[in-house]
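Student: Hi! Could you walk me through this one?
Tutor: Happy to. Here it comes.

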Amino acid sequence: MKRIISLILALGLAVTTAVCAADTSKTANGATIDAAGAKDGYFSACYTGGGDKRIKVMAEKDGERYTYDLKNNGESEVYPLQMGDGQYKLRVLRNITGTKYSVLNTFYVDVKLENPHSPFLRSSQYVNYTDESNVIKTAREITKDAETDLEKVDIVYGYVTNAMKYDHQKAKTVKSGYLPDVDMVVANKMGICFDYAAVMAAMTRSLGIPTKLVTGYVAPSNGYHAWNEVYIEDIGWVKTGKLYFDGESWTTMDPTFTSSAKNSDYIAKFISNKANYSIKYVY
């Protein structure tokens, strides 16, 4: 899903990597990195340099790296700080040729999350929504009578898995860099696994329930896939529908498989077995 990017420094660029301990943002070479929201689990970036070159954002911590696209029209985009507390190295990069990129801006930020689940409670590039998004209004409407988070998750999960069908044609033609438009996905009532997971995460996050969008590999074919993990505190083992929720850990939810399943009992057992899932990225 992520290509290996060769990093080189373009001649003539005044690149700096100084630590900005007192500031929360930094601009260089038309690229701005803003970490004012670091304690709440996110940062943002924008690029005003124009041109038609591909722009990337990279977040690194303790040898782990996440790479994202960034629009080159000056529009700010939000990214999660999902690797926990510690020092992050944030960069904005511009494509030169092929897989070679130049570093436009580098910013170091020391992150101490006020809530360890914060990155999974808000909108970001992969789970993109606002209070005005139709799916968010729907989430509030269908759960208005629910008394617990567990009930809300059960209702939302049922809604997503019943309202949508898998889009086989889209799966064959989707291109690298695709990002779900959650309102459009639900309006079309079709999507790929990435779409299912983004809609699920958007709806439950908007209700204050920590939800991860996870990508990785799934048994037995080892195919690349997207699913969710949800966290509900202090409920122990509770069965709702066909899924088991464990209040002591993040629980796997696979809306794509559930939606497409003919044998729900088999799918429930498959999803509840974390050995069937190999995580690569978490958003």
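Student: Is R140 buried, partly exposed or exposed?
Tutor: R140 is partly exposed, because its relative accessible area is 38%. Keep in mind that this is a predicted model.

Student: How many salt bridges does the structure hold?
Tutor: There are 14. One of them joins the side chains of K144 and E141, at 2.9 Å from N to O.

Student: And those two, buried or exposed?
Tutor: K144 is exposed, since its relative accessible area of 57% is over the 50% cut-off. E141 has 46%, so E141 counts as partly exposed.

Student: How exposed are K39 and D40?
Tutor: K39 is partly exposed at 39% relative accessible area. D40 is partly exposed too, at 24%.

Student: New topic: helix α2. What span should its residues have?
Tutor: Helix α2 runs over residues 149–163, and at 1.5 Å a residue its 15 residues should span 21 Å. The C-alpha atoms at its ends are 21 Å apart, so the two values agree.

Student: Which residues in α2 are buried?
Tutor: L150, K152, V153, V156, Y157, V160 and T161.

Student: Where do they sit around the axis?
Tutor: On the same side of α2, because they cover an arc of only 155° around the axis.

Definitions and conventions. Residues are numbered from 1 along each chain as its sequence is written. This is a predicted model: local features need pLDDT of at least 70, side-chain atom pairs count only at pLDDT 80 or more; totals for chains, interfaces and linings use all residues. Side-chain values use heavy atoms; hydrogens and water are left out. Helices (H or I, at least four residues) and strands (E, at least two) are DSSP runs, numbered from the N terminus. The expected span of a helix is 1.5 Å times one less than its number of residues. Buried means under 20% relative accessible area, exposed over 50%, partly exposed in between (1.4 Å probe, protein chains only). The arc is that of the directions from the helix axis to the C-beta atoms. A salt bridge is a side-chain nitrogen of Lys or Arg within 4 Å of a carboxyl oxygen of Asp or Glu.
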